[in-house]
Amino acid sequence: MFSVSDISVQIGDSSILNGISCEVLPGECVGVIGPNGSGKTTFFNAISGFVVHQRGTITLAGRDISALPPYSRAQHGIGRVFQNFGIFRDMTVLENLIIALEGRASLRKTLLPWSSANRAIREEAKAFAAQVKLDAKISSKAGTLSGGQMRLLEIVRTLAFGAEVLLLDEPTAGVSPKMKDEVANLIRYVQSQGKTVLIIEHDINFVQSFSSRVLVLDQGQVLLFDTPENVTRDPRLHEIYFGKSF
Amino acid sequence: MEYGIHLCILVCIYLILAQSFNITLGLGRLLNLAHVAGYAIGAYVTAIGTTTGDMGLFTAIIASSFTSGLLSLLLGGIALRLSDDYFAIGTLAFSSIVSALLINCKGVTNGVLGISGIPRPKIADFELLNNSSFLFLVFAITFVCLAIIYILFSGPFGRALRAQGENRSALLALGRDIRLMNTTAFFISSSFAGLAGSLYAYYINYVDPSSFSFSEMTLLLTIVIVGSPGSFWGCIGSTIFLVCIPEPLRFLDIPSYLVGPMRQLLQSVILVLVVWLNRNRLFSLTREV
């Protein structure tokens with residue numbers, strides 16, 4: 001199980017997150033929503049270690065990972081998909097996947113380019129590319145892909161690295177409606193593998209389609225944490241987006 | 001013939017030096033302006049070890065590489081905490097400190113007079129006195145060094161180093177300890193520079209601080225930029241080109257005191273031209289997410 005308890009982030013005099021807590025089960029998908037500036041991305045940054053949190057604990061499979069640096073949290077299973085595409089655009093699709101697979105392989109075995117371990121990694125990378133229908137583009141630079149393809153590559157690369165908890169920051173931003181379905185299918189596949197998914201998304205219908213619960217943040221605090229049906233019915237949700245008079 | 005051998009030896013030494021600089025600048029996008037300091041340290045370790053002691057060829061090469069590598073860890077420990085421009089300034093400061101030490105620690109380095117009388121190396125009982133036999137040694141060492149660097153370039157380490165040059169956050173999210181990786185790159189790069197310095201000292205038989213001035217750094221920067229940063233084969237081509245291209249100046253009817261400055265001028269003009277022509281594609285855009 002993945003849990004966050006009483007996470008607080010302060011930058012200068014501003015309190016960005018204040019006492020955020022939640023528990024998410026393996027295979028569960030939780031949508032994270034809230035107006036701009038509510039602290040959604042900072043919440044993800046605090047979980048993945050890119051922002052230092054002053055208070056609270058983050059636990060994954062019973063282990064406290066709060067004090068670990070970002071790379072170490074990733075090694076423990078925290079996978080991050082960034083809002084502004086975290087792929088290596090000047091590398092090929094295949095290299096993007098190989099680099100993830102090499103991250104969990106022994107350096108001693110992969111040091112020589114012609115080693116059998118490297119050949120196995122290459123084959124595995126091709127299989128991951130085929131999973132998101134990028135097998136025809138493995139030799140293309142990742143920067144030449146469409147927004148949707150880049151997103152699929154980034155998610156499948158996180159899977160290839162072996163993430164157990166996926167933090168998806170607006171995975172449908174800059175993605176065409178057709179590719180949106182592909183991204184949704186991939187997220188469903190990730191869930192079916194027993195992995196935990198937290199997803200920041202503005203499109204509430206998209207979140208509802210596979211989230212069992214929705215976490216609503218407002219001004220760095222948890223406003224609601226309930227089923228999508230209950231959250232959409234709650235007047236406080238409308239209030240933070242449209243104001244009291246709406 | 002003798003002049004051709006001289007050029008080949010210089011090309012071999014510069015191949016090791018430039019290709020090692022290509023590891024940090026070309027792959028990792030770390031502008032280490034103290035790379036020549038590593039080269040100087042290697043040369044001085046060999047010079048001191050062979051003139052004051054009885055250091056053999058392989059001991060001298062290993063000691064030179066290791067000392068340069070170790071000092072780069074000291075530099076890396078401080079400079080790698082800085083980012084981008086500040087990192088370059090930090091390494092430049094380190095380079096200046098090394099230059100100042102070479103000039104002022106007269107008891108060890110003999111100051112501006114330098115150290116002369118460095119003997120040519122011996123393998124078993126065979127002394128490599130003439131340049132052609134020395135060329136065989138330098139060629140063999142260069143071949144081994146380039147093979148190791150090529151494996152680094154095309155393997156997981158080189159790939160991760162290239163990736164961090166483009167997007168550090170994304171690589172951190174893939175579980176890579178970037179500081180450790182950069183420190184390792186620094187160590188490897190400086191060790192090879194130290195090795196090149198050792199070969200240089202053996203070849204020229206004399207070292208002094210002026211041999212490791214900032215103009216050497218400019219030449220290395222020019223070689224890596226002209227060869228396209230991060231390109232293994234490009235760096236080999238540009239090293240051969242840039243080490244050999246100023247040589248015809250020797251045969252022109254110009255005063256000998258102008259040959260050195262003209263060579264530097266030519267290399268600088270080439271650097272400016274290449275940077276200008278490739279201004280939008282020399283390095284991939286650094287992205288942060």
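Trainee: Leaving aside its neighbours within four places in sequence, which residues is Leu80(B) in contact with?
Mentor: In this predicted model, Leu80(B) is placed in the loop that lies between helices α3 (57-79) and α4 (84-104) of chain B. Once the neighbours within four places in sequence are left aside, the contacts of Leu80(B) are Leu30(B), Leu75(B), Phe87(B), Arg179(B), Asn182(B), Thr183(B) and Phe186(B).

Trainee: Is Leu80(B) buried or exposed?
Mentor: Buried stands for a relative accessible area under 20%. Leu80(B) has a relative accessibility of 12%, and therefore it counts as buried.

Trainee: How many Å apart in space are Leu80(B) and Arg168(B), C-alpha to C-alpha?
Mentor: Along the sequence, Leu80(B) and Arg168(B) are 88 residues apart. In space, taken from C-alpha to C-alpha, the separation of Leu80(B) and Arg168(B) is 13 Å.

Trainee: Where is Ser198(B) found, and is Ser198(B) buried or exposed?
Mentor: Ser198(B) belongs to helix α9 of chain B, which covers residues 178-204. Leaving aside neighbours within four places in sequence, Ser198(B) has contacts that include Gly42(B), Ala43(B) and Thr46(B).

Trainee: How many aromatic pairs does a search of the whole structure find, and is the pair of Phe43(A) and Phe44(A) stacked, tilted or edge-to-face?
Mentor: Over all chains, the search finds 14 aromatic pairs. The ring centres of Phe43(A) and Phe44(A) are 6.3 Å apart, and because their planes stand at 40°, the pair is tilted.

Trainee: Are Phe43(A) and Phe44(A) buried or exposed?
Mentor: Phe43(A) has a relative accessibility of 0%, so it counts as buried. Phe44(A) likewise has a relative accessible area of 0%, and the answer for Phe44(A) is therefore also buried.

Trainee: Why is the pair of Phe232(B) and Trp233(B) given the class that it has, and what is that class?
Mentor: The centres of these two rings, Phe232(B) and Trp233(B), are 5.0 Å apart, and their planes stand at 90°. Planes over 60 degrees apart count as edge-to-face. The angle of 90° therefore makes the pair of Phe232(B) and Trp233(B) edge-to-face.

Trainee: The charged end of which residue sits over the ring of Phe134(B)?
Mentor: The charged end in question lies 4.8 Å from the centre of the ring of Phe134(B). The residue that carries this charged end is Arg120(B).

Trainee: What are the edge strands of the open sheet of six strands in chain A?
Mentor: This sheet has mixed pairing, and its strands follow the order β6-β7-β8-β3-β9-β10. An edge strand here pairs on one side only, and in chain A the strands that do so are β6 (78-81) and β10 (221-226).

Trainee: Which residue is the bridge partner of Val32(A) in β8(A)?
Mentor: Strand β3 (residues 29-33) and strand β8 (residues 196-200), both of chain A, pair in the parallel sense over four bridges. In β8(A), the residue bridged to Val32(A) is Ile200(A).

Terms used: Residues are numbered from 1 along each chain as its sequence is written. Chains are lettered from A and ligands numbered from 1 in the order in which they are written. This is a predicted model: local features need pLDDT of at least 70, side-chain atom pairs count only at pLDDT 80 or more; totals for chains, interfaces and linings use all residues. Side-chain values use heavy atoms; hydrogens and water are left out. Rings of Phe, Tyr and Trp (its six-membered ring) pair if their centres lie within 6.5 Å; planes under 30 degrees apart count as stacked, over 60 as edge-to-face and the rest as tilted. Buried means under 20% relative accessible area, exposed over 50%, partly exposed in between (1.4 Å probe, protein chains only). A charge sits over a ring if NZ of Lys or CZ of Arg is within 6 Å of the ring centre and within 35 degrees of the ring normal. Two strands pair if DSSP finds at least two bridges between them. Helices (H or I, at least four residues) and strands (E, at least two) are DSSP runs, numbered from the N terminus. Contact means heavy atoms within 4.5 Å.
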